[in-house]
Amino acid sequence: MILDKKYWQDRYVNDSTGWDLGHVSSPMKRIIDSIENKELSILIPGAGNAHEAQYLIEKGFTDITVLDIAREPLDELAHRISNDSSVKIVNEDFFNHEGFYDLILEQTFFCALDPSLREKYVVKANELLNDYGCLEGVLFDFKDNRETPPFSGSLDEYIDLFQEKFDILKLERCLFSESSRKNKELVIKIKKNGK
Ligand SMILES: C[S@@+](CC[C@H](N)C(=O)[O-])C[C@H]1O[C@@H](n2cnc3c(N)ncnc32)[C@H](O)[C@@H]1O
C-alpha cells in the first residue's frame, strides 16, 4: 500500500477518518496548557483537521503552522478559523517542508507514516527545530502487526530512534488519554541536542 497524497486525500473525501476525535485531545490540551510562552513558533505536521490549532488560537498563541499532505482538511480548517492570522496553513509533504520551529506537536502523524520512514522522520523533525527546540505529543504504544496505519511502536523502539539526536525529557505512559486510546499511548517530550 502506498501512503501517498492520494491515499490520505481519499480518506478525507470518503469520510474514513476514524482517528479524528472532533476536538482537541486531552493529552494535547494538557501539553498546550503547560506552555507559557505564547510566541513560540509551533509546527503541527500531519495535522489533519488540527483541532489543537484551534485550541492554540483560543489560548492566544500567535505563530502556528499547520501542515498536511492532504488538501481537504486544510480547506476545512481555513474555513473554521476564518483564516486567523496566527495560523499558517501549508499543504505539503512533511519531508519536503523547510522552516525552523521552537516546538513540533506530534499526534497520530508518526504512526501514519510507513515504519520504514521513521529514521527519516527523526532527522527531519530535528532539522526543523531551532537549537534546543522540542517535540512534544503522544506516540502509540500497542502491539500488533498491522499492514495499514496506525503503525505502533514501543518505548524501547522510541528510545533507540530518538536518543541520538534528542535529549529525552519525558517518555512515559500517558495517564490522560482519551478513553479509546487508554493504555495505548506514551507521552513524549524530547529536546534537540545539536548532535
Ligand atoms: C492519522 S491522520 C492524523 C491527523 C491529525 N494529526 C489528528 O490527530 O487528527 C495522519 C495525517 O497525516 C497526514 N500525512 C500523511 N503523510 C504525510 C506527509 N508525508 N506529510 C504531511 N502530512 C502527511 C495525512 O494526510 C493525515 O492528515
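The questions and answers below go from the ligand to the pockets, the cavity and the backbone.

Guide: This is a predicted model, in which local features need pLDDT of at least 70, side-chain atom pairs count only at pLDDT 80 or more, and totals for chains, interfaces and linings use all residues. Residues are numbered from 1 along each chain as its sequence is written, and side-chain values use heavy atoms, with hydrogens and water left out.

Visitor: How many residues surround the ligand?

Guide: A residue counts as near a molecule if one of its heavy atoms lies within 4 Å of it. Among the closest are Tyr12 and Gly46. The shell has 11 nonpolar, four polar and three charged residues. Here Ala, Val, Leu, Ile, Met, Phe, Trp, Tyr, Cys and Pro count as nonpolar, Asp, Glu, Lys and Arg as charged, and the others, Gly among them, as polar. The number of residues around the ligand is 18.

Visitor: Which residue has a polar side-chain atom 2.5 Å from an oxygen atom of the ligand?

Guide: Look for polar contacts, pairs of N or O atoms within 3.5 Å. A backbone atom of Gln107 lies 2.8 Å from a ligand nitrogen. A side-chain N or O atom of Thr108 is 2.7 Å from a ligand oxygen. The side chain at 2.5 Å belongs to Asp68.

Visitor: What share of the ligand's exposed area does the protein bury?

Guide: Accessible areas come from the Shrake-Rupley method with a 1.4 Å probe. Taken alone, the ligand exposes 590 Å². The part buried by the protein is 96%.

Visitor: Where does the ligand sit?

Guide: On a 1 Å grid over the protein atoms alone, a pocket is an open set of points with protein on both sides within 12 Å along at least five of seven lines, while a cavity is a set where a 1.4 Å probe fits but cannot get out; lining residues have an atom within 4 Å of a point. A molecule sits in one if more than half of its atoms lie within 2 Å of its grid points. By that test, the ligand's place is the largest pocket.

Visitor: Which element gives the largest share of the lining of the largest pocket?

Guide: Elements are DSSP runs, numbered from the N terminus: helices (H or I, at least four residues) and strands (E, at least two). The pocket holds about 740 Å³ of space, where a volume is the space filled by probe spheres set on grid points joined across faces, edges and corners. It has 41 lining residues, with Trp8 and Phe109 among the closest to its centre. Three residues, the largest share, come from α1.

Visitor: How many charged residues line the second largest pocket?

Guide: This pocket holds about 310 Å³. Its lining has 20 residues, and those nearest its centre include Glu136, Lys170 and Lys189. The lining also counts 11 nonpolar and two polar residues. Its charged residues number seven.

Visitor: What is the volume of the largest cavity?

Guide: The structure holds one cavity of 30 Å³ or more. Its lining includes Gln107, Thr108 and Tyr158. β5 gives three residues, the largest share. The cavity's space is about 60 Å³.

Visitor: Which residues does a cis peptide bond join?

Guide: Most peptide bonds are trans. Here omega is about 10 degrees. The bond joins Pro149 and Pro150.

Methods
A polar contact is a pair of N or O atoms within 3.5 Å; within protein, one must be able to donate a hydrogen and the other to accept it, and residues adjacent in sequence count only if both atoms are side-chain atoms.
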